[in-house]
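Please read them with the sequence and the coordinates open.

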Amino acid sequence: MDFRDNAQEAEFRKNTRDWLAVHGSIFTELKLAKYDREKELEIAKRWQAAKAEAGYACIAWPVEWGGRGGTAMEQTIFSEEEEKLGVRFQYFSIGLGMCLPTVIAFSDKETKSRLVPPAVRGDTIWCQLFSEPAAGSDVAGIRTRAIETEDGSWLLSGQKVWTSYAHQSDYGIVLARTNPDVPKHKGLTMFWLDMKSPGIEVRPIHMASGESDFNEVFFTDVRVKDSQRLGEVNQGWKTALLTLDNERLSFGGAEGPDWEELMSLAATLPSGMGGGSVLKEGGFRDKLADFYVLSEGLKYTRLRSLTTLSRGQTPGPENSVGKLISATQMQRVANEALERLDQYGILADEDFLSDVGAFQRNFYWGAAMRIAGGTDEILRNIIAERVLGLPREHRLDAEVAFKDLPKGI
């Protein structure tokens, strides 16, 4: 593997840096607007529109759908340079990273022309409506129903949960059960939805961090046209797999402080074991070494994925390793930092202790990250079965009609 930019990539990186140097002042505006989520969203939409106009939004997508017709490596280079500015907006990641690729793959040209360009420009926000209270990460266990009517449309009823940004979304993709008489993976169908449709109620979930990015979403006889169907009737599992693979790819990297920031923090904290800083403690140094090893493993796993992209291929289920390890590392590093800070770990004002604020955010988000995009257990199954080729887990419900499954399985 050669991790250096080739001549074309080096030129693209230079052009990217030049463009960001001219337009990146928007991030100064963002810092001034901290704690103001409405202002942040307004800035995020302007930033997305500017990227779209310059050809930096969805770089690897076809020009026909608002992209640049570039390579996956160019998309990665732009993301790397953008992240160096310290901010990555999440409002569009679900739509552009997970929902719209599914729409492009499974809808007709008229639908794509109507839905894709506005999303690329940041005019619309999308959510993904998969998780349910009784299903969790067992996506195939969902109970939300879609019943076909005499006029060929569908009536959607049920409940979703942990739906990120549903309260701000214009559209969503939803997975529904359309045939309970077959095994659970075989009776699903996916649709796209206008989130302002009659019968949809969104209830934000208030998190310990004080944020409300997750939601419950209730459907009561929501009418969905058959033209909003994505893929074949009862073949929604195949459609969902594309969305889920893109989801795990988008969750592949960790965010926020890692072992280096923890080491810097420890060097400023007095040890409770007789002089010097926490950095001198053998037990802490052992943990720091573990964090370092995992971080290096993540780095090289990511480089393997980049190599795959540079060859024009798409990373497969092995990308689950990145999400599994990074989410766990995020939570463990944050826990260690706050524990070492003792009572000062509760200080939340970033102006007073900016590093503590970053560790605190990951303390709260680490648990969420270990659920989002598949729990640790689901990801371990994927790695075992689809990466390592180990025998599949014995599933008692694999051949049982969904309607005959005991509640909770």
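1. Asn234 sits in the loop that joins strand 8 (229-230) to helix 7 (236-250). Helices (H or I, at least four residues) and strands (E, at least two) are DSSP runs, numbered from the N terminus. The phi angle of Asn234 is near 70 degrees, a positive value in a residue other than glycine.

2. Some ground rules apply to everything here. This is a predicted model, in which local features need pLDDT of at least 70 and side-chain atom pairs count only at pLDDT 80 or more, while totals for chains, interfaces and linings use all residues. Residues are numbered from 1 along each chain as its sequence is written, and side-chain values use heavy atoms, with hydrogens and water left out.

3. Pro180 is in the loop between strand 4 and strand 5 (188-194). At 35% relative accessibility, Pro180 is partly exposed; buried means under 20% relative accessible area, exposed over 50%, and partly exposed in between (1.4 Å probe, protein chains only). Neighbours within four places in sequence aside, Pro180 has contacts with Ala401, Phe402 and Lys403, where contact means heavy atoms within 4.5 Å.

4. Trp162 also has a positive phi, near 60 degrees, and is likewise a residue other than glycine. Its place is the loop between strand 3 and strand 4 (171-177). Trp162 counts as partly exposed, at 47% relative accessibility.

5. How many helices and strands does the protein have? There are twelve helices and eight strands. The radius of gyration is 23 Å, close to the 22 Å given by the globule rule for 409 residues, so the protein is as compact as a globular protein of that length. That radius is taken over C-alpha atoms, and the rule is 2.2 Å times the number of residues to the power 0.38. The C-alpha trace spans about 75 × 50 × 45 Å along its principal axes.

6. Of the 409 residues, 47% are buried. Among contacts with a separation of 6 or more, 70% are between residues 24 or more positions apart. The accessible surface is about 20900 Å², and carbon and sulfur atoms hold 53% of that area. Accessible areas come from the Shrake-Rupley method with a 1.4 Å probe; for residues, only the protein chains shown count as cover.

7. On charge, the protein carries 49 positive and 60 negative side chains, with the centres of the two sets 3 Å apart. Lys and Arg count as positive and Asp and Glu as negative, with His and the chain ends not counted. The place of a charge is NZ of Lys, CZ of Arg, CG of Asp or CD of Glu.

8. Side chains of opposite charge can pair when their charged atoms come close. The whole structure contains 24 salt bridges, each defined as a side-chain nitrogen of Lys or Arg within 4 Å of a carboxyl oxygen of Asp or Glu. One of them joins Glu132 to Lys160, at 2.8 Å from N to O. Glu132 is in the loop between strand 1 (126-129) and strand 2 (145-148), and Lys160 is in strand 3 (residues 154-160), 28 residues apart. Both Glu132 and Lys160 are buried.

9. Is Asp151, a salt-bridge partner of Arg223, buried or exposed? Asp151 is exposed, at 60% relative accessibility, and Arg223 is partly exposed at 47%. The closest N and O atoms of this salt bridge are 3.6 Å apart. Asp151 lies in the loop between strand 2 and strand 3 and Arg223 in strand 7 (residues 214-224), so the bridge ties together parts 72 residues apart in sequence.

10. A further salt bridge pairs Arg340 with Glu281 (2.8 Å, N to O). Arg340 is in helix 10 (residues 320-341) and Glu281 in the loop between helix 8 (259-266) and helix 9 (282-310), 59 residues apart. Arg340 is partly exposed, with a relative accessible area of 27%, whereas Glu281 is buried at 9%. Elsewhere, salt bridges with shared partners join Asp5, Arg13, Arg17, Glu80, Glu81, Lys84 and Arg302 into one network.
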